[in-house]
Amino acid sequence: MSTSATQGNEALDACKHYTDHRQMPWAVQKYYHQRYDLFSKYDDGILMTDSAWYGVTPEPVANKIAQHIAACAPSIKSILIDCFAGVGGNAIAFARSGRWKRVYAIEQDENVISCGRHNAKLYGVDQKICWYHGDCFEILKNELSPLAQYSVIFASPPWGGPGYRTDAVFDLTTMQPYSLQQLLDLFRRLTEDIVLFLPRTSDLRQVAKANEDSERIKAIHYCMEGASKACIVLPNPIT
């Protein structure tokens with residue numbers, strides 16, 4: 001698998017733009033009514049894989065997260081690394097914030113990264129995002145480590161599909177393929193300035209235990225229509 005920056009423009013077959021919910025697999029049809037929350041420019045030709053419908057950050061939430069991180073990151077930090085960039089929801093918001101000299105977006109799935117590049121172009125930020133196709137930990141080590149002192153890492157890791165919504169409290173040790181501790185151990189090799197995007201029902205006691213050396217951690221919930229849609233955790237608060 002390539003770990004070099006990608007510049008392609010061709011969307012692969014798995015990247016789709018649905019115009020009717022009946023075109024979609026049954027399991028994701030319920031997300032179609034949220035399409036303008038996910039991307040306000042959906043009708044411009046936004047592309048997603050089927051799994052992205054329940055994985056992408058809604059645009060208003062992504063924008064708020066981007067604004068918050070932009071405002072509180074140390075001034076020396078000029079690089080934002082999105083380690084699990086998906087179809088671009090967060091990376092686009094980071095690029096649109098105007099805070100970062102460069103956004104590096106890493107995605108392992110070839111279909112998904114093709115959607116992300118396409119969507120960034122629709123939002124006019126394709127020249128502000130450098131996409132990397134491959135394993136994020138290998139890319140951090142082999143390609144982006146020279147940027148460590150200037151970087152903030154943002155990570156929305158795989159949670160294991162939409163099933164997490166049924167858990168009253170989500171056990172972070174069950175995340176696949178990376179546990180919370182694995183993520184922190186690997187990211188800290190590059191920087192202590194880390195922002196994690198986790199399920200809203202995450203067990204914050206586990207976060208605290210994984211950061212026993214920190215004086216404090218910060219957890220922020222982002223809500224839409226009165227309901228929490230996301231929780232970001234700053235194990236080493238950058239405020």
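Q: Is Asp 44 buried, partly exposed or exposed?

A: Please keep in mind that this is a predicted model. The general idea is that a residue with a relative accessible area under 20% is called buried, one over 50% exposed, and one in between partly exposed. Asp 44 has a relative accessible area of 49%, so this residue is partly exposed.

Q: Which side chain does Asp 44 meet in a salt bridge?

A: The general idea is to look for a side-chain nitrogen of Lys or Arg within 4 Å of a carboxyl oxygen of Asp or Glu. Here the side chain of Asp 44 meets that of Lys 41, at 4.0 Å from N to O. Lys 41 counts as partly exposed, with a relative accessibility of 29%.

Q: How many salt bridges does a search of the whole structure find?

A: The search finds six salt bridges, and among them is one between the side chains of Arg 96 and Glu 59, with an N to O distance of 3.6 Å. Because Arg 96 lies in helix α3 (residues 89–96) and Glu 59 in helix α2 (residues 59–72), this pair ties together parts that are 37 residues apart in sequence. Arg 96 is partly exposed at 44%, whereas Glu 59 counts as buried at 12% relative accessibility.

Q: Which residue does Arg 205 meet in a salt bridge?

A: The side chain of Arg 205 meets that of Asp 203, at 3.0 Å from N to O. Arg 205 is exposed, with a relative accessible area of 64%, while Asp 203 is buried, with a value of 12%.

Conventions:
Residues numbered from 1 in each chain as written. Predicted model: local features only at pLDDT ≥ 70, side-chain atom pairs only at ≥ 80, totals over all residues. Heavy atoms only, no water. Buried < 20%, exposed > 50% of the residue type's maximum accessible area, 1.4 Å probe, protein only. Helix = DSSP H or I, 4+ residues; strand = E, 2+ residues; numbered from the N terminus.
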